[in-house]
Amino acid sequence: MGVVTYDFEVSSPISPARLFKALVLEADKLFPKAAPHAIKSVELEGNGGPGTIVKINFAEGLPFQYVKHTVEGQDKDNLSYSYSLIEGGPLGDKLEKISYDNKFVAGADGGSVCKSLMKFYTVGDCTFTEDEIKEQIQRMDGVYKAVEAYLVANPDVCN
């Protein structure tokens, strides 16, 4: 097994605390409302904290039916969240899991920046290319931007 590490950042006009609440604390309720074109439902096995299994069911017609991830860490005070994708989605036969460490910080323009460290754990001698990583980020970015747009359009949500 090999590990491919990738750092990236995404800026948003939404405050760090509000974005954290939307993408982490209330994702099970918010994702299907904000991105119905992509997410049919979100199911939690647990209380949302470490050890919780999260299953995201995708809308019909998308390349994947679902993904499951396990919550590894959540710090509401420092707006950080870590989890690992453990089943479904892009894992296929090349990846054992994908781990994410995310931190939401204040942006220079009053919004926020989500700083993310992704670790792709490959199966055996398989490789995972930068193009495949960018494709994975692009898929996630669609939901991220839909949530962001939903929050802009609904200023009372996740305050």
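Predicted model: local features only at pLDDT ≥ 70, side-chain atom pairs only at ≥ 80, totals over all residues.
Reader: Fine. Which loop holds Leu 79?

Author: Leu 79 sits in the loop between strand E4 (66-75) and strand E5 (80-88). Its phi is positive, about 55°, although Leu 79 is not a glycine.

Reader: Is Leu 79 buried or exposed?

Author: Buried means under 20% relative accessible area. Leu 79 comes in at 14%, so we call it buried.

Reader: What is the phi of Cys 158, and where does that residue lie?

Author: Cys 158 has a positive phi too, near 65°, and again the residue is something other than glycine. You'll find Cys 158 in the segment after H3. Its relative accessible area is 6%, so Cys 158 is buried.

Reader: Let's talk helices. What's the general idea for reading one?

Author: An α-helix has 3.6 residues a turn, so residues three or four places apart point the same way. Now take H1, residues 16-25: the helix is mostly covered, with seven of its 10 residues buried. Among the buried ones are Leu 19, Phe 20, Leu 23 and Val 24.

Reader: How do I read the nonpolar core? Which residues have the most contacts inside it?

Author: Think of buried nonpolar residues joined through their side chains. In this model the largest such core has 43 residues, and those with the most contacts inside it are Phe 31, Ile 39, Ile 56, Phe 104, Phe 120, Val 147 and Leu 151. Helix H3 (residues 130-153) supplies the largest share of this core, seven residues.

Reader: Let's zoom in on Phe 31. Which residues is it in contact with?

Author: Phe 31 is in helix H2 (residues 27-34), and at 10% relative accessibility it counts as buried. Skipping neighbours within four places in sequence, Phe 31 is in contact with Ala 22, Leu 23, Pro 36, Ile 39, Val 42, Ile 56, Val 143 and Val 147. Phe 31 and Tyr 144 are 113 residues apart in sequence, yet their C-alpha atoms are 9.2 Å apart.

Reader: What does Ile 39 contact?

Author: With neighbours within four places again left out, the partners of Ile 39 include Phe 31, Ile 56, Phe 58 and Val 143.

Reader: Now the pocket. How much space lies in the largest one?

Author: The general idea: rolling a probe the size of a water molecule over the atoms shows where empty space is left. Here, the largest pocket holds about 1,000 Å³. It is lined by 44 residues, and the closest to its centre are Phe 31, Ile 56, Tyr 83, Met 140 and Val 143. H3 provides the largest share of the lining, nine residues.

Reader: How many of the lining residues are nonpolar?

Author: There are 30 nonpolar residues in the lining of the largest pocket, next to 11 polar and three charged ones.

Reader: Last one: what does UniProt place at residues 1-153?

Author: The UniProt entry, which is unreviewed, puts the feature "domain: Bet v I/Major latex protein" there. In the model, residues 1-153 are 27% helix and 42% strand, and the end C-alpha atoms of that span lie 44 Å apart.

Terms used
Residues numbered from 1 in each chain as written. Heavy atoms only, no water. Core = buried A, V, L, I, M, F, W, Y, C linked by side-chain atoms within 4.5 Å. Buried < 20%, exposed > 50% of the residue type's maximum accessible area, 1.4 Å probe, protein only. Helix = DSSP H or I, 4+ residues; strand = E, 2+ residues; numbered from the N terminus. Contact = heavy atoms within 4.5 Å. 1 Å grid on protein atoms, 1.4 Å probe; cavity = no way out; pocket = protein on both sides within 12 Å on 5 of 7 lines; lining within 4 Å. Points joined across faces, edges and corners; volume = space filled by probe spheres on them. Nonpolar A, V, L, I, M, F, W, Y, C, P; charged D, E, K, R; others polar. UniProt positions renumbered as here; feature names shortened; annotations may be inferred.
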